[in-house]
Amino acid sequence: MKITLIAVGRMRASPERALLDDYLDRFAKTGRGLGLPPVQLVEIDDRRGAGMAGEAALIERALPAGAFLIAMDERGEQPSSPEFAARIAGLRDRGRDLALLIGGADGLLPALRDRADWQISLGRMVWPHMLVRAMLAEQLYRAASILAGQPYHRE
């Protein structure tokens, strides 16, 4: 299994970047014993300014072939953390790669978003796309801690 986080924009040194790095590191350490590999972060930078269509073309090139696609979108389902963890465990158990997609400030091109196997939202409010990276990384770590039976997640 491979896990790829594909996000539009390059994240510079910032509190959000520190959070992202911290949670991806925690996920890597916790996931190691669970058969979950470290997350590969792929940052897409549309230097031509072609908007969502240009971003989508770059994302398409970065997508691992055959991966289960999860698109982050405000209109998506709002799974609980245990539901998210169970989905990741199921993909792992089937040996399926996972790609998580985070669009730019305007989101993902609708055709790309609709191609996703699962569209999820971190809530009904809209979040800055750079902050979504850190929040999603935290949920990945939380999923690993749930699967490991660690007390990080409390219900």
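**Helix H2 and its surroundings**

A: Happy to! The buried residues of H2 pack against strand S1 (3–8), strand S2 (39–44), strand S4 (98–102) and helix H4 (110–115). Please keep in mind that this is a predicted model.

Let's start with the helix itself. H2 covers residues 51–62, which makes 12 residues. From its first C-alpha to its last it reaches 17 Å, close to the 16 Å expected at 1.5 Å a residue. Its buried residues are Gly54, Glu55, Ala56 and Ile59.

Leaving aside residues up to four places away in sequence, Val42 touches Thr4, Leu5, Ile6, Ala7 and Ala62. With contact taken as heavy atoms within 4.5 Å, Val42 therefore has a partner in Ala62, and H2 runs through residue 62. Val42 also touches Thr4, and strand S1 (3–8) is among the elements that the buried residues of H2 pack against. For a sense of scale, take Val42 and Ile146: they are 104 residues apart in sequence, and their C-alphas are 25 Å apart in space.

The largest pocket holds about 350 Å³. It is lined by 22 residues, and the closest to its centre are Met72, Asp73, Glu74, Val126 and Trp127. Two elements give two or more residues to this lining, strand S3 (68–77) and helix H5 (129–147). S3 provides the largest share, with 4 residues.

Finally, the rings. The structure holds 3 aromatic pairs. In one of them, Phe84 and Trp118 are tilted, with 6.4 Å centre to centre and 35° between the planes. Phe84 belongs to helix H3 (residues 81–93) and Trp118 to strand S5 (residues 118–120), so the pair ties together parts that are 34 residues apart in sequence. Both of these residues, Phe84 and Trp118, are buried. Elsewhere in the list of rings, Tyr23, Tyr141 and Tyr152 form one aromatic cluster.

Notes. Residues numbered from 1 in each chain as written. Predicted model: local features only at pLDDT ≥ 70, side-chain atom pairs only at ≥ 80, totals over all residues. Heavy atoms only, no water. Expected span 1.5 Å × (residues − 1). Buried < 20%, exposed > 50% of the residue type's maximum accessible area, 1.4 Å probe, protein only. 1 Å grid on protein atoms, 1.4 Å probe; cavity = no way out; pocket = protein on both sides within 12 Å on 5 of 7 lines; lining within 4 Å. Points joined across faces, edges and corners; volume = space filled by probe spheres on them. Phe/Tyr/Trp six-rings, centres within 6.5 Å; stacked < 30°, edge-to-face > 60°.
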